[in-house]
Amino acid sequence: MSSENLKKVRAKIELACKRAGRNPNDVKLVAVTKEASLNDIIEAIRAGVTDIGESKVQDAINKYITLKEYKIRWHMIGHLQTNKVKDAIKIFDLIHSVDSARLAQAIDKEAKKNKKLIDILIEINTSGEKSKFGVPEKEAPRLVEQVVNLPNTRLLGFMTIAPVVSEPEEVRPYFRRLKNLYDDVKNKFPALRLEYLSMGMSQDFEVAIEEGANIVRIGTAIFKGN
Ligand SMILES: *Cc1c(COP(=O)(O)O)cnc(C)c1O
């Protein structure tokens with residue numbers, strides 16, 4: 001039952017917050033539904049889930065239409081191709097995966113057409129793994145500069161996906177690096193309203209919270225248990 005798993009995840013979030021001296025209300029839980037059944041998603045919503053993450057635009061559209069009656073915030077967490085931007089900005093409240101100026105410009109252009117302001121995060125490839133999307137840390141400040149002047153796009157923070165490891169502790173340095181980058185960019189661009197650090201998945205969300213994550217993206221631990 002996803003509601004039982006959800007309770008366990010929430011308890012772990014609270015404990016991690018306690019360890020880090022943080023308020024659990026400051027950590028937003030995004031339930032990642034890419035592999036969940038509709039019944040399980042609805043159960044999770046009834047148990048209090050308000051934010052849903054999807055990694056493919058078409059899957060998200062189908063769920064968005066089916067779940068229209070519920071008040072949900074939709075998060076795009078997967079790689080976004082520019083030819084999907086048009087559909088993406090119709091449903092997503094926050095796009096976590098902006099990793100090029102070209103993509104940001106495409107989002108801005110569509111946002112303008114739809115008279116919307118679109119909230120985005122820049123995805124950083126903190127591990128440097130070739131299989132991962134995201135910009136290298138050292139290119140982040142340049143991309144920030146390119147994005148901040150787009151009138152219909154609002155940069156709210158950063159996202160990263162840690163490598164798959166056998167011990168959650170091994171990912172701590174990647175999360176710490178993203179937190180440092182976030183603080184650096186905040187200092188360098190004081191006018192920006194940076195507020196989100198999206199990091200941590202089922203395998204590593206507790207470490208991510210200890211390192212400052214305020215959005216965690218959790219699928220397996222909610223919908224499959226562990
Ligand atoms: C699938 C996915 C998640 C959730 O992963 P779990 O291990 O199932 O919690 C989080 N973030 C991104 C970007 C994903 O693609």
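Predicted model: local features only at pLDDT ≥ 70, side-chain atom pairs only at ≥ 80, totals over all residues.

Q: What does the radius of gyration say about the chain?
A: The radius is set against a rule for a compact globule, which for 226 residues gives a value near 17 Å; the chain has 17 Å, so the two agree. Along the principal axes, the C-alpha atoms fill a box of roughly 45 × 40 × 30 Å. The chain holds nine helices and eight strands, and 51% of its residues count as buried.

Q: How many Å should helix 7 span, and why?
A: A helix is expected to span 1.5 Å a residue, counted over one less than its number of residues. Helix 7 (residues 172-188) has 17 residues and should therefore span 24 Å, which agrees with the 24 Å between its end C-alpha atoms.

Q: Which residues of helix 7 are buried, and what covers them?
A: Buried here means under 20% relative accessible area. In helix 7 this applies to R172, F175, L178, L181, Y182 and V185. Their cover includes strand 5 (118-124), strand 6 (153-160) and strand 7 (196-198), together with helix 6 (140-148) and helix 8 (205-210).

Q: Which residues are around the ligand?
A: Among them are V32, I77, I161, M201 and G219. For R217, a polar side-chain atom lies 2.9 Å from a ligand nitrogen. The ligand taken alone exposes 390 Å², and the protein buries 85% of that.

Terms used: Residues numbered from 1 in each chain as written. Heavy atoms only, no water. Helix = DSSP H or I, 4+ residues; strand = E, 2+ residues; numbered from the N terminus. Buried < 20%, exposed > 50% of the residue type's maximum accessible area, 1.4 Å probe, protein only. Contact = heavy atoms within 4.5 Å. Near = heavy atom within 4 Å. Polar contact = N/O pair within 3.5 Å; in protein donor to acceptor, adjacent residues only side chain to side chain. Areas by Shrake-Rupley, 256 points an atom, 1.4 Å probe, with all protein chains shown as cover. Rg over C-alpha atoms; globule rule 2.2 N^0.38 Å.
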